[in-house]
Amino acid sequence: MAKLPILLYPHPHLRKVARRIEHFDDGLRRLVEDMFETMYAAPGIGLAATQVDVHRRVAVIDVSETKDQPLVLVNAEILEASGVEEMEEGCLSIPEIHEKVARKERVRVRYQDLDGQERELDTDGLLAVCIQHELDHLEGRLFIDHISPLKRERALKKYEKLQKRSRA
Ligand code: K1U
Ligand code: ZN
């Protein structure tokens, strides 16, 4: 297993749209193992392949407190979504910035597991929010795209300051 470098905003590859996975092979298994290692080490509750510069429709998630409920989503799509939920979000590609984002409260997702088996998941709360956040990454979208221009400008100014400080 290996920890992979995470792309940081404003890296242009964070805006790429990921392509579907066609082959459920050892390469995919290795990618998923490395993504889990990277996510748990960060630490984070989710990670999309886009964030490690792989532009394929793969995301890993574990929202459990005990970090023992890994979920792999391959070629996932939201079939149905309802309600509105506002939750504070962070992003491993925009460290130290947290903003409230309005998302769908409940989602039904169709995806494939690591063996290519089709599955469906109906969920709400943090898992539903995290799924939406990760699927956004695969479309080249970031959580800051969902907030007002004023809040975004403030958040990005803060982020630039923090980045300059961490480079100094
Ligand atoms: O995709 C990412 O950038 C990961 C991101 C996912 C996410 C967080 C919050 C709401 C929706 C999606 C993170 O994991 S940021 C880190 C984080 O939230 C966290 C870290 C340690 C413990 C608990 C949460
Ligand atoms: Zn993110």
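Helices here are DSSP runs of H or I of at least four residues, and strands are runs of E of at least two, both numbered from the N terminus. What I am showing is a predicted model, in which local features need pLDDT of at least 70 and side-chain atom pairs count only at pLDDT 80 or more, while totals for chains, interfaces and linings use all residues. Residues are numbered from 1 along each chain as its sequence is written, chains are lettered from A and ligands numbered from 1 in the order in which they are written, and side-chain values use heavy atoms, with hydrogens and water left out.

Let me start with the ligand. Helix H2, residues 125-138, gives the most to the shell around ligand 1, namely five residues, where a residue counts as near if one of its heavy atoms lies within 4 Å. The shell has 14 residues in total, and those that come nearest are Ile45, Gly46, Gln51, Leu92 and Glu134.

Turning to polar contacts, meaning pairs of N or O atoms within 3.5 Å, a polar side-chain atom of Glu134 lies 2.7 Å from an oxygen atom of ligand 1, and for His133 the distance from a side-chain N or O atom to a ligand oxygen is 3.3 Å. His137 also places a polar side-chain atom 3.5 Å from an oxygen atom of ligand 1. Taken alone, the ligand exposes 540 Å², of which the protein buries 76%, with areas from the Shrake-Rupley method and a 1.4 Å probe.

Which helix, finally, gives the largest share of the lining of the largest pocket? That helix is H2, with six residues.

Conventions. Polar contact = N/O pair within 3.5 Å; in protein donor to acceptor, adjacent residues only side chain to side chain.
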